[in-house]
Amino acid sequence: MCGILAVFGCVDNSQAKRSRIIELSRRLRHRGPDWSGLHCHEDCYLAHQRLAIVDPASGDQPLYNENKTVVVTVNGEIYNHKALREKLKSHEFNTGSDCEVIAHLYEEYGEDFIDMLDGMFSFVLLDTRDKSFIAARDAIGITPLYMGWGLDGSVWFASEMKALSDDCERFVSFSPGHIYSSKTGELRRWYNPPWFLENIPSAPYDSLVLRQAFEKAVVKRLMTDVPFGVLLSGGLDSSLVAAVASRYMSDSEAACQWGSQLHTFCIGLRGSPDLKAAREVADYLGTRHHEFYFTVQEGLDALEEVIYHIETYDVTTIRASTPMFLMSRKIKSLGVKMVISGEGSDEIFGGYLYFHKAPNKEEFHQETCRKIKALHLYDCLRANKSTSAWGVEARVPFLDKEFINVAMAIDPEWKMIRSDLGRIEKWILRNAFDDDKNPYLPKHILYRQKEQFSDGVGYSWIDGLKDHANQQVTDSMLTNASFVYPENTPTTKEAYYYRTIFEKFFPKNAARSTVPGGPSVACSTAKAVEWDASWSKNLDPSGRAALGVHADAYEGALEVDNKTNAINGSPQKLQVEKTAAVALV
């Protein structure tokens, strides 16, 4: 991942302003520690902090067309850049960077080329001939992008809001799958897949088609000129990524530079479910496995830094980001700059345990659509910013455009969890890779119950977070939370604690408005909470909150503190009795 910052229409274009742009861009250097670049054209600035993955020697940014009238600063990877270059044979390329095609595509097609890009990206492009500019974000929002406005009428774009928060009066998260054009002054959606309208699909399930689509998605993400590996938790999704990458590694260009043995990485508290399962998968696949440990105290000590980097106060995102943040630091210390990860599968296939309660295939499918649309606010944000904090790039094959189209076209009846037919969550994905003749994974791993990352690293991690928050936040603080934080009012002491840290770094209203809210159980949307009446009394994002589904679910009824509940407008205080942490095998 790289860091980009672009500013257009500054009233002040003095040397002092240039210095300020450089200073703000430096706030993104963790994303791109390899090189810095800045292009100035009158009152327009495009800055870049580079993480060199493809063409490290000559691919510094900003990038240009032949005569440098078109300038672009990009964060991301364009996996089909070689095929696109074939369509641009009349153009002269200056580097081997995969991102340079963007400048030439604009020359050739104007603003209507975004859907031609196969990859993850956020970019800002300036046409110096008329001083017009565009900004665009990938289909799902794998890469982050924010847009802001200054009091002087300037328009700003940045990979993280920490580069905008001081100088912009207002800023927002840039919508995934959209392009902004200065010529119209409007955002418009460039990504319009059939599933986006949430109409119920009817295509039959073909296990081979699904398998081949995923294999293709993984293979294209082996494009790299630097050392890489796979994040392996031992769950279904990361294990499939590792299995496919390992199987095709020897045929990839990366193997010529870095060898054919895949590196895998896992983190957890000692004795956690993920560590045991990941070790077993790594042994089965023959990867070079790296196992990292952290303690609850080390995680607690990192919380402030984590929240500063991921820029959210969402509870489940912070829970899962902390171990990923710690693991990324370890990975970078080994000289690895790119990892492939398993985000997105649960949203596409209804893998979260609350999907067991989906009343019918229509609601099942509509919930998966809602989850995919919100990924940029949750798992994509976590995976990108937790790794980018240490200059590591995360790639996510489950969010490949072509793969999503295949998976979301399947009749959702096949995705429904049917115990009477022996179908657990994500059965169609598991079945697609259940190959007795040439197995990808051991059966018990292929059919392992879903664990959310924040649970799988060790159940005592979440319990430790709650205990720590209880020590930091008093009953009276939570009682008056609606007066202190009227927007997205925290309903637990844990949420209140994270909010106080977030507000310290990002005190503006614009910042807190970039974070979603609403009730959730086991990572559901607010709409899905309606599927089970008991869930409204157990609003916790952990997978163990799926009562009657998870093998180690929270036990017993939740007691409501009548004293807290008696205060008008105040949240209910939930006290949870939990079972002992028992590792799943």
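Mentor: Take Arg423, which is buried yet has no salt bridge; the nearest side chain of opposite charge, Glu413, is 5.5 Å away. Buried means under 20% relative accessible area with a 1.4 Å probe, protein chains only. A salt bridge needs a side-chain nitrogen of Lys or Arg within 4 Å of a carboxyl oxygen of Asp or Glu. Lys and Arg count as positive, Asp and Glu as negative; His and the chain ends are not counted.

This is a predicted model, in which local features need pLDDT of at least 70 and side-chain atom pairs count only at pLDDT 80 or more, while totals for chains, interfaces and linings use all residues. Residues are numbered from 1 along each chain as its sequence is written, and side-chain values use heavy atoms, with hydrogens and water left out.

Trainee: Where does Arg423 lie, and which residues does Arg423 touch?

Mentor: Contact means heavy atoms within 4.5 Å. Arg423 sits in the loop between α13 (401-408) and α14 (427-432). Leaving aside residues up to four places away in sequence, Arg423 touches Glu413, Trp414, Met416, Ile417 and Arg418. Helices are DSSP runs of H or I with at least four residues, numbered from the N terminus.

Trainee: Which residues of α8 are buried, and what do they pack against?

Mentor: An α-helix has 3.6 residues a turn, so residues three or four places apart point the same way. In α8, the buried residues include Gly299, Leu303, Val306 and Ile310. The buried residues of α8 pack against α9 (315-333), α12 (379-388), α17 (459-472) and α20 (493-505).

Definitions and conventions: Buried means under 20% relative accessible area, exposed over 50%, partly exposed in between (1.4 Å probe, protein chains only). Helices (H or I, at least four residues) and strands (E, at least two) are DSSP runs, numbered from the N terminus.
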